[in-house]
Each structure stands twice: as structure tokens, then as C-alpha cells.
Amino acid sequence: MLTTPHILIGAAIGSQLPHAWQIVPAAAASHFLLDSIPHVQGYIDVEDLGKKEVVFLLADIAVGVGILTVLTVGNPIGEMLWIGAIAAMLPDFHHISQVLFGPGSLSRYQKLHMKFHWKRDMKFIPGVATQILIIFVSFLFITKLFNLSS
Ligand SMILES: [Zn+2]
């Protein structure tokens, strides 16, 4: 799963729950749920991460963080959206450890993480559509709250 849908669904959870102690576990759990949904760009193989993939990954993170920044500026519950977004990304942080300390690091966690992950190949359009749908639904939740609080 791309990072942007993870970030936005985390933010959507942050927009719906009043307390950080509720947001963090729910958003972290949403990560595994999203990973299990059929989608393209399955798993990042850190061992042969090319320049193109790195640029793509960084662009994906930049898009997600950019959208989140726009949604949270001047938002009274912006902090909650960020908490949700960060918690929703946390389960993928072993990738950073793999880049820094080698592909073998956190291998047990990696195996657990993979258990939830959609592994089959998928056609590009439906595989992207599921992710766009997640972004769209998250957006609805986040913006609905905007209306309520204004
Ligand atoms: Zn993941």
C-alpha cells in the first residue's frame, strides 16, 4: 500500500476519536487492514531498492504529508489528525531499520507484517482504484468534521 492512503486513513481516525490513546491503536491497526486490501505496489523490496523507487517513495510520503498539512493548518483538532497519521505509518518503520541496519534486521516483525499483506499481483487500474477510494473515503471523514466544527 502507498503511504498516502495510510496517512489519510490515520488522519480520518484522528478526526473521529477524541483521545490519543484511542487514536493510536486504531490507526496502527488500520495499517494492517489497509495492507490486506487488494492493491498494486505490493511490497517494497529493500534489498534492491533502485533510485527510481526511492524517488517514488519520497514523492508518495511528500504527497501524503502535503495533503495532511493542508488539512490541518488552522484546524482545531489538527494535532489529532497528525497523531492518527503518524500511528498509521508506524507499522512500516521497519523499512527504515532495514535500510540502515540491513535487510535482516527486524526479520521476525517483517514476517508478521507480511502475514497481513496482500501478496498477489493485480492489474494496475483496480489496484490503484482501491487506494484512491481509501483516500477519498478518508477525505470525506476528515472534511465532514471540518463542517461540524465551523
Ligand atoms: Zn505495511
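# Legends to the close-up views

**View A. Ile9 touches Ser30, Leu34, Ala88, Ile134 and Ser138, when residues up to four places away in sequence are not counted.** Two residues touch, or are in contact, if their C-beta atoms, placed from the backbone, lie within 7 Å. The model is predicted, so local features need a pLDDT of at least 70 and side-chain atom pairs one of 80 or more, while totals for chains, interfaces and linings use all residues. Residue numbers start from 1 along each chain as its sequence is written. Ile9 is found in helix H1. Is Ile9 buried or exposed? Ile9 is buried, because 26 other C-beta atoms lie within 10 Å. (Buried means 20 or more such atoms within 10 Å of the residue's own C-beta, placed from the backbone; exposed means 12 or fewer; partly exposed lies in between.) Ile9 and Leu81 stand 72 residues apart in sequence, yet their C-alpha atoms are 9.3 Å apart in space.

**View B. The chain has seven helices and zero strands.** Helices (H or I, at least four residues) and strands (E, at least two) are DSSP runs, numbered from the N terminus. Read from the N terminus, the order of elements is α-α-α-α-α-α-α. The radius of gyration is 16 Å, close to the 15 Å that the globule rule gives for 150 residues, so the chain is as compact as a globular protein of that length. (The radius is taken over C-alpha atoms; the rule is 2.2 Å times the number of residues to the power 0.38.) Along its principal axes, the C-alpha trace spans about 50 × 35 × 25 Å. Of the 150 residues, 28% count as buried. Contacts between residues at least 6 apart in sequence are considered next: 81% of them join residues at least 24 apart.

**View C. Helix H1 (residues 3–16) packs with helix H2 (residues 20–36) at an angle of about 145°.** The axes of H1 and H2 are 9 Å apart. Axes are lines fitted to C-alpha atoms, for helices over the stretch in contact, and angles run from 0 to 180 degrees between N-to-C directions. Which residues meet here? From H1 come Pro5, His6, Ile9, Gly10, Ile13 and Gly14; from H2 come Ile23, Ala26, Ala27, Ser30, His31 and Leu34. By class, this contact of H1 with H2 has seven nonpolar, five polar and no charged residues. (Nonpolar: Ala, Val, Leu, Ile, Met, Phe, Trp, Tyr, Cys and Pro; charged: Asp, Glu, Lys and Arg; polar: the others, Gly among them.)

**View D. H2 also packs with H4, at an angle of about 40° and with the axes 7 Å apart.** In H2, the residues at this contact are Ala20, Ile23, Val24, Ala27, Ala28, Ser30 and His31. They meet Met80, Ile83, Gly84, Ala87 and Ala88 in H4. The residues of the contact of H2 with H4 divide into nine nonpolar, three polar and no charged.

**View E. Ser30 lies in helix H2.** Ser30 counts as buried, because it has 22 C-beta neighbours inside 10 Å. Leaving aside neighbours within four places in sequence, Ser30 is in contact with Ile9, Gly10, Ile13 and Ala88. Between the C-alpha atoms of Ser30 and Leu17, 13 residues apart along the chain, the separation is 14 Å.

**View F. The largest nonpolar core holds 24 residues.** Such a core is a set of buried Ala, Val, Leu, Ile, Met, Phe, Trp, Tyr and Cys residues joined through C-beta atoms within 7 Å. Which residues touch the most other members? They are Ile9, Ala11, Ile23, Leu68, Leu81 and Ala85. At least two residues of this core come from each of H1, H2, helix H3 (51–72), helix H4 (78–89) and helix H7 (124–149). H4 gives the most, with seven residues. Ala11 touches Leu68, Leu71, Leu81, Gly84, Ala85, Ser138 and Ile142, with residues up to four places away in sequence not counted.

**View G. Ile67 is placed in helix H3.** Ile67 counts as partly exposed, because it has 19 C-beta neighbours inside 10 Å. Apart from its neighbours within four places in sequence, Ile67 is in contact with Thr4 and Leu8. Ile67 and Ile7 are 60 residues apart along the chain, and 9.3 Å separates their C-alpha atoms.

**View H. Leu106 sits in the loop between helix H5 (94–101) and helix H6 (107–115).** Most residues other than glycine have a negative phi. Leu106 has a positive phi of about 55°, although it is not a glycine. Leu106 is partly exposed, because 17 other C-beta atoms lie within 10 Å.
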